[in-house]
Amino acid sequence: MNIDMWQTFKSVFIAIPTGLSITFRYLFRKPVTEQYPKVRPKFEDRYRGLHYLTRYSDGSERCVCCGLCAAACPADCIYMECAETPSGIRYARIYEINELRCIFCGMCEEACPEEAIFLGHEFEFSSGDRDDFIYTKEMLLANYDKIEKERVAKRIKPMIRQERFQFKKPAAPIGH
Amino acid sequence: MADRETMTLNMGPQHPATHGVLRIELDLEGETVIEARPIVGYLHTGIEKNMEAKTYTQALTMTDRMDYLAPLSNNLVYVQAIEKLMEVEVPIRAEYIRIIMTELTRLNSHLVWLGTHALDIGAMSMLLYCFREREKITQMYEFVSGVRMMASYFRVGGLTDDVPDGFEERVKDILDTFPAHIDEYEGLLTDNKIWRNRTIGVGVISAEDAIDAGLSGPNLRGSGVAWDLRKSKPYSIYDKFDFIVPVGKNGDCYDRYLVRLEEMRQSLRIIRQALDGLPEGPTKSSDGKISPPAKYEVLTGMEQLIHHFKLVVHGFQPPVGDIYHSIESPKGEIGCYLVSDGSKKPYRVHFRPPSFVNISAFNKLVAGRMIADVIACIGSIDIVLGEIDR
Ligand code: SF4
Ligand code: SF4
């Protein structure tokens, strides 16, 4: 019985205060929680959020409708139809991403040979309607124009072809 | 027995302490468990079947979603299985980064285990502390790959991309702050009387039983068997690092708890050594048949562009054959069996998920004990239902 009492005494007067002292210390520390709706979280550079389609500095679209992003996509959520301008430049007449199917794996931006598609930092695009998640080309371009433009310079690292036709005569011979 | 009544109680799949959607049928006699039958399949997502319809690279994104608490371990076993089949040489820098990231994954998984296990038993603040530390690791995932959970960071032949600048400082920061946190967890739990009463002698499984049931990982080591694939069958470059495999004695919940805590410390040791030895160099295999050319070359060279197209559309084709590869995931031995018919898509992918095998020994852990111990045992064997059902 004495041992029992000693055990109880130990648990009440030693074990519990030891644990509580650890919890108690946290009262005086800075909280680590983020005040999300009030303060927008900061993401790392590589964060993969809502897609955007980029433009050349003259305002024309970079995407040439090659379909490589759709081929790389594991979720099969990119749909496009191609067309040509009178001067013979290919572009995507329709370019749609179903953001509900998308798993944000980033394989489209890895695949794109034109640096036309990227995953940006936008993440608040909830809606009550499924149709709102079919992002058309215009919406994806608007995402670039309105939100992602200043960040894109960082993403398009090589920035070789700032102008559309510059690549015909590269500054130095490359590769083979 | 005639005067006693056996009651069958259904626990789960919506029970908060079943860590997902596990359902357990319990035969009870009063409060004593006669038999426990885990019933799985509520989270079946058809991952293995789905992988057959994707190229090898695309199918990688599915592996993240099996054990979503240890996505990079799943990535690793899958890409290493393909690398073994194709005999690909992985650059040494990529191997080091893989080790750092998978060991961080081990911390990640163990932290969630500790937080939820302690919460089940009644220690609320543990969950908050563990998730606070885990946040740093998910931040690391986001830092290197862009996503906090489904990283898909490894590729056949290396990594998606080299780590960004500042990687080493951030890993160092984790290394410096983490040991103090583990001490804190120990301070809260190890000598806590309630914790000890709820875990010591609960869910005992002997070494023979554990081996017979095919247990692996901390569940096996808690019973005193020093079997860790990182040591027993070194893969990647684990033979270069100095670490010990902690083992328990009694095979109860408390020993498994101690083993996992010590494993976190050992993981930190491995990360520190890997970080000190981190070499410079490429992070993708130089084999052009597997790794796409660098983005810069794709943008400037015609040949590279064509090659890039071919790789994305047709992928790579491993030779006809099959392979089994296994690594030590935080939960135990995760194996990947891969059959290739020589096309760009796997003919069959099968995983040996540690959680699935571990849960099969559940009855041994709880039979004859009180119903309250069932909760402690579920927490202690550390299952993830995404991995069990695939
Ligand atoms: S992020 Fe992945 S799933 Fe989403 S559109 Fe791109 S490739 Fe497809
Ligand atoms: S976004 Fe890139 S990969 Fe996709 S069609 Fe346009 S140019 Fe091709």
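This is a predicted model: local features need pLDDT of at least 70, side-chain atom pairs count only at pLDDT 80 or more; totals for chains, interfaces and linings use all residues.
Residues are numbered from 1 along each chain as its sequence is written, and chains are lettered from A and ligands numbered from 1 in the order in which they are written.

Let's stay with that helix pair for a moment. Helices (H or I, at least four residues) and strands (E, at least two) are DSSP runs, numbered from the N terminus. H2(B) packs against H3(B), residues 71–86 of chain B, at an angle of about 150°, and their axes are 9 Å apart. Here axes are lines fitted to C-alpha atoms, for helices over the stretch in contact, and angles run from 0 to 180 degrees between N-to-C directions. The two helices are therefore roughly antiparallel to each other; that name goes to angles over 145 degrees, while those under 35 are roughly parallel, 65 to 115 roughly perpendicular and the rest oblique.

Which residues of H2(B) and H3(B) meet? From H2(B) come B:Tyr56, B:Leu60 and B:Thr63, and from H3(B) come B:Asn74, B:Asn75, B:Tyr78, B:Val79 and B:Ile82. Two residues count as in contact if their C-beta atoms, placed from the backbone, lie within 7 Å. By class, this contact has five nonpolar, three polar and no charged residues. Ala, Val, Leu, Ile, Met, Phe, Trp, Tyr, Cys and Pro count as nonpolar, Asp, Glu, Lys and Arg as charged, and the others, Gly among them, as polar.

Now follow chain B to helix H4, residues 92–121, which packs with H5(B) at an angle of about 160°, with axes 8 Å apart. That makes H4(B) roughly antiparallel to H5(B). This time the crossing is left-handed. The contact of H4(B) with H5(B) divides into 16 nonpolar, three polar and two charged residues. Among the residues that meet are B:Leu104 and B:Leu111 in H4(B), and B:Phe131 and B:Ile137 in H5(B).

H4(B) has another partner: helix H16(B), residues 371–381, packs with H4(B) at about 175°, the axes being 9 Å apart. H4(B) and H16(B) are therefore roughly antiparallel too. In this contact, B:Thr116, B:His117, B:Asp120 and B:Ile121 of H4(B) meet B:Ile375, B:Ala376, B:Gly379 and B:Ser380 of H16(B). The classes here are three nonpolar, four polar and one charged.

Next come the strands. Strands of a sheet pair through backbone hydrogen bonds, either parallel or antiparallel. In chain B, three strands form an open sheet in the order E6-E7-E8, with antiparallel pairing. Strands E6 and E8 (348–352) of chain B stand at the edges, each with a single partner strand, so one side of each is left without a neighbour in the sheet. From one strand to the next, the twist averages 15°. Two strands pair if DSSP finds at least two bridges between them; E6(B) (residues 321–329) and E7(B) (residues 332–340) have nine, and five join E7(B) to E8(B). A hairpin joins E6(B) to E7(B) through two residues, and B:Ser329 has B:Gly332 as its bridge partner in E7(B). Further on, B:Cys336 stands opposite B:Phe351 in E8(B). H3(B) packs on this sheet, touching E6 and E7 of chain B, and its direction makes about 145° with that of E6(B).

Chain A also has an open sheet of three strands, in the order E2-E3-E5 and with antiparallel pairing. Its edge strands are E2 (78–84) and E5 (134–135) of chain A, each pairing on one side only. Seven bridges link E2(A) and E3(A), residues 90–98, and A:Met80 has A:Tyr95 as its bridge partner in E3(A).

A residue is near a molecule or strand if its C-beta atom, placed from the backbone, lies within 6 Å of it. Around ligand 1 there are 15 residues, the closest being A:Cys73, A:Ala75, A:Cys102, A:Cys105 and A:Cys108. Ligand 2 is surrounded by 13 residues, with A:Cys63, A:Cys66, A:Leu68, A:Cys69 and A:Cys112 the closest.

Finally, how many residues does each chain give to the contact between A and B? Chain B gives 33 residues and chain A gives 29. On the side of chain B that touches chain A, H13(B) gives the most, with seven residues.

Definitions and conventions:
A crossing is left-handed if the near helix is turned anticlockwise from the far one by less than a right angle, and right-handed if clockwise.
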